[in-house]
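Welcome! Please open the model and keep the sequence beside it as you read. We will visit a few places in turn.

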Amino acid sequence: MSAPPQLFDWTLRRGRLERAMRGNHTADFLRRRVAEDMASTLMGIVRDFPEGVDLSARDRMFERALAEAGGAARVCKWRRMDQTGEGLDSLQDNEVPALAEGSADLVVSLLSLHWTNDLPGVLSQIRRSLRPDGLFIGSLFGGASLNELRWALGRAETELTGGQATRVSPFADAFDGAGLLQRAGFALPVSDIDRLTVTYADPLALIRDLRAMGETALFAERQRPLTRAVVARMAGLYAERYADQDGRIPATFEIVTLSGWAPHPNQQKPLRPGSAKMRLSDALGVEEGKL
């Protein structure tokens, strides 16, 4: 089987994350929001997890959110991993978790899977790392993220240069997240989508936040640099098309949350076809053939 295309440069990714860690973290509001939502999901599960792995642990955002929700004791022991390598176990081969088979009861990933070159492969690695009835919860940006910026940049570059390069990462667009989990071997797969709109004073403020988050594009194939003229035209087009009555511009962030369990004999399973104990017409209280 041929290797998946290397769309993203993970050496550049590591540098962007290290730069983000040195910042003041005022742009981490999205990660905080998603961490709180993921912690709330875990709090709704009535069980503890002896060993957990955080694949996006550069600032322990998820652990803090879980503690604030009153669930610090839910995970007895954490193994922390990330792409920065600063005081944490780094990921083997950049994006593939260096986890032994059957070594974890819980794996979480907070807004990092959208940079994965081989998402199905990584999900399979995570699934193998879980013990039976172990849980995976992960979040990533979806295809509607930054569609306003994508449009404005493309239109400005086309107007001024006669063509456009890919400037905003091609986030997974309406993909079947539950189907991916199922193909990776997870049981009870769930995929949820949440769309958030954040407003900024201008497009340049949005770009500054993306840099502070470590979320600017990092294509393996280098693109030609943006000119000041293109950036200025982008800002103008963005405001003309999207600005509200106060002059603020919106930015859409689509958050996809995936969750699935490692199979276990005691998990609930769908009934076999033909095993129902009651006909649908009886359940509805009508005569068969007169629905």
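Let us begin with a pair of charged side chains: Glu51 and Arg131 meet in a salt bridge, with 2.9 Å from N to O. A salt bridge here is a side-chain nitrogen of Lys or Arg within 4 Å of a carboxyl oxygen of Asp or Glu. This pair links distant parts of the chain, since Glu51 sits in strand β1 and Arg131 in strand β5 (residues 130–141), 80 residues apart. Helices (H or I, at least four residues) and strands (E, at least two) are DSSP runs, numbered from the N terminus.

Glu51 counts as partly exposed, at 29% relative accessibility, and Arg131 is also partly exposed, at 24%. Buried means under 20% relative accessible area, exposed means over 50%, and partly exposed lies in between (1.4 Å probe, protein chains only).

## About the model

You are looking at a predicted model, in which local features need pLDDT of at least 70 and side-chain atom pairs count only at pLDDT 80 or more, while totals for chains, interfaces and linings use all residues. Residues are numbered from 1 along each chain as its sequence is written, and side-chain values use heavy atoms, with hydrogens and water left out.

How many salt bridges does a search of the whole structure find? The search finds 11. One of them joins Asp48 to Arg74, whose closest N and O atoms are 3.7 Å apart. Asp48 lies in the loop between α2 and β1 (49–54), and Arg74 in the loop between α3 and β2 (75–82), so the pair ties together parts that are 26 residues apart in sequence. Asp48 is partly exposed, with a relative accessible area of 43%, whereas Arg74 is buried, at 18%.

Glu254 and Arg195 form another salt bridge (2.6 Å, N to O). Glu254 is buried, at 4% relative accessibility, but Arg195 is exposed, at 54%. Elsewhere, Arg155, Glu159, Arg233 and Glu240 are linked in a network of salt bridges.

Now find helix α2 (residues 29–43) and helix α3 (residues 61–68), which pack at an angle of about 55 degrees with their axes 8 Å apart. The two helices are therefore oblique to each other. Contact means heavy atoms within 4.5 Å. On the α2 side, the contact is made by Arg31, Arg32, Ala35, Glu36, Met38, Ala39, Leu42 and Met43, and on the α3 side by Met61, Phe62, Ala65 and Leu66.

Which residues of α3 are buried? They are Met61, Phe62, Glu63, Ala65 and Leu66. Their cover includes α2, β1, β2 and β4 (104–109). After α3 comes Gly70, whose phi is positive, near 85 degrees.

## A buried valine

For a last stop, look for Val230 in helix α8 (residues 228–242). Is Val230 buried or exposed? Val230 is buried, with a relative accessible area of 2%.

Leaving aside residues up to four places away in sequence, Val230 touches Ala156, Glu157, Leu160 and Thr161. Val230 and Thr161 are 69 residues apart along the chain, and their C-alpha atoms are separated by 8.6 Å.

Key. Axes are lines fitted to C-alpha atoms, for helices over the stretch in contact, and angles run from 0 to 180 degrees between N-to-C directions. Angles under 35 degrees count as roughly parallel, over 145 as roughly antiparallel, 65 to 115 as roughly perpendicular and the rest as oblique.
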